[in-house]
Amino acid sequence: MPRFQLSRRRCQKFEARRRRCHVCKILCDDVNEGLKKSQNSLERRCRRLPRRTMAAVPSGFLLITGPPGVGKTTLVMRVFETLRGSHPNLNIRGFYTREVREGGERIGFEVVTLDGRTGPLSSCKVSSPESVRWPTVGKYKVDVASLESLAVPELQVKEETDLFIIDEVGKMELFSSAFFPAVMRVIESNIPVLATIPIPRQGRDIPGVARLRNHPGAAVFTLDTGNRDTMRDTICSQLRSLLQR
């Protein structure tokens with residue numbers, strides 16, 4: 001008898017719960033139907049609205065990479081000369097590096113600002129007393145003081161600057177403790193930047209270079225012997241779009 005009464009009580013509770021659930025289900029169905037009608041009405045209204053298409057915004061941070069000797073500096077200078085010819089009033093700041101040769105042999109590199117000033121970057125023939133403490137890359141000793149006195153001031157962010165050119169951000173330049181922070185300030189200034197970086201060697205990338213390569217705002221162009229002629233037009237077109245905004 002007690003067991004029967006307990007079972008009966010359980011059955012009564014179950015029936016009550018089922019009734020409540022049934023009512024709740026009906027209410028939920030009504031609400032869902034109302035939401036469905038509202039959604040259909042909204043979709044009909046959206047179909048009558050004109051569609052808006054958002055054009056892709058070109059990146060303001062352009063990186064050129066490629067193997068040594070492929071022509072990264074040559075490409076950068078061709079872009080610079082093209083822009084200067086078509087937009088003579090542009091204020092372009094920065095620097096590039098070029099080889100120093102003696103008797104047909106490369107003996108080092110020098111820094112050249114875009115207004116024509118030059119200074120040593122590295123050499124395999126320097127023998128001054130202070131050069132004993134200079135960092136080395138292969139057979140070249142890097143003149144960090146010369147780099148910092150010539151290239152780093154060209155990376156000062158100024159309101160009137162339209163474009164920065166940085167050739168290159170590599171192992172030699174990154175020996176300077178002032179160089180990479182100056183590069184990052186340029187990138188964060190939202191002024192368009194055209195820079196070059198080396199490719200990873202044996203799968204290993206220089207940490208500072210990797211940080212630029214993986215920057216969320218970077219557009220990386222890999223240069224090779226097959227695309228050198230078309231790459232200039234591509235980069236010039238993108239820079240013109242940025243400079244006209």
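Me: What makes Phe95, Leu155 and Phe179 count as being in contact with Ile166 in this predicted model?

Reply: Contact asks for heavy atoms within 4.5 Å. Leaving aside neighbours within four places in sequence, Ile166 is in contact with Phe95, Leu155, Phe179, Val183, Val193, Leu194, Ala195 and Thr196.

Me: Which residues have the most contacts inside the largest nonpolar core?

Reply: They are Leu155, Ile166, Phe179, Val183 and Leu212, in a core of 32 residues. Two or more residues each come from E1, strand E3 (105-113), strand E6 (140-142), helix H3 (144-150), strand E7 (163-166), helix H4 (179-188), E8 and helix H5 (207-213). H4 gives the most, with 7 residues. Apart from this core lies another, of 24 residues, among them Val70, Ile235, Leu239 and Leu242.

Me: Nice, now to the rings. How many aromatic pairs are there in the whole structure?

Reply: A search of the whole structure finds 2 aromatic pairs.

Me: Why is the pair of Phe95 and Phe179 called edge-to-face?

Reply: Happy to go through it. To pair, ring centres must lie within 6.5 Å, and planes over 60 degrees apart count as edge-to-face. The centres of the Phe95 and Phe179 rings are 6.1 Å apart and their planes stand at 70°, so the pair is edge-to-face. This pair links distant parts of the chain: Phe95 is in strand E2 (residues 92-102) and Phe179 in helix H4, 84 residues apart.

Me: How do you know whether Phe95 is buried or exposed?

Reply: Buried means under 20% relative accessible area. Phe95 has 0% relative accessibility, so Phe95 counts as buried. Phe179 also has a relative accessible area of 0%, so Phe179 is buried.

Me: And what makes Phe109 and Tyr140 an edge-to-face pair?

Reply: Their ring centres are 5.7 Å apart and their planes are at 70°, so this pair is edge-to-face. Phe109 lies in strand E3 and Tyr140 in strand E6, so the pair ties together parts that are 31 residues apart in sequence. Phe109 and Tyr140 are both buried.

Me: Let's turn to the sheet. What is the order of its strands?

Reply: The order is E5-E6-E4-E3-E2-E7-E8-E1-E9, in an open sheet of 9 strands with mixed pairing.

Me: Why are strands E5 and E9 said to stand at the edges?

Reply: Strand E5 (136-137) and strand E9 (218-222) each have a single partner strand, so one side of each is left without a neighbour in the sheet.

Me: How do you know that E1 pairs with E8?

Reply: Pairing needs at least two bridges. Strand E1 (residues 61-66) is joined to strand E8 (residues 193-198) by 6 bridges, so the two strands pair, and they run parallel. Gly66 stands opposite Pro198 in E8.

Me: What about E1 and E9; what is the sense of their pairing?

Reply: They pair in the parallel sense, over 5 bridges. The bridge partner of Phe61 in E9 is Ala218.

Me: What makes E1 a mostly covered strand?

Reply: In E1, 6 of its 6 residues are buried. Phe61, Leu63 and Thr65 are buried on one side, as are Leu62, Ile64 and Gly66 on the other, and both faces are covered.

Me: To finish with the whole protein, what share of its residues counts as buried?

Reply: Of its 245 residues, 35% count as buried. The protein has 6 helices and 9 strands. It exposes about 15,800 Å², with carbon and sulfur atoms supplying 52% of that area.

Methods: Residues are numbered from 1 along each chain as its sequence is written. This is a predicted model: local features need pLDDT of at least 70, side-chain atom pairs count only at pLDDT 80 or more; totals for chains, interfaces and linings use all residues. Side-chain values use heavy atoms; hydrogens and water are left out. Helices (H or I, at least four residues) and strands (E, at least two) are DSSP runs, numbered from the N terminus. Buried means under 20% relative accessible area, exposed over 50%, partly exposed in between (1.4 Å probe, protein chains only). Accessible areas come from the Shrake-Rupley method with a 1.4 Å probe; for residues, only the protein chains shown count as cover. A nonpolar core is a set of buried Ala, Val, Leu, Ile, Met, Phe, Trp, Tyr and Cys residues joined through side-chain atoms within 4.5 Å. Rings of Phe, Tyr and Trp (its six-membered ring) pair if their centres lie within 6.5 Å; planes under 30 degrees apart count as stacked, over 60 as edge-to-face and the rest as tilted.
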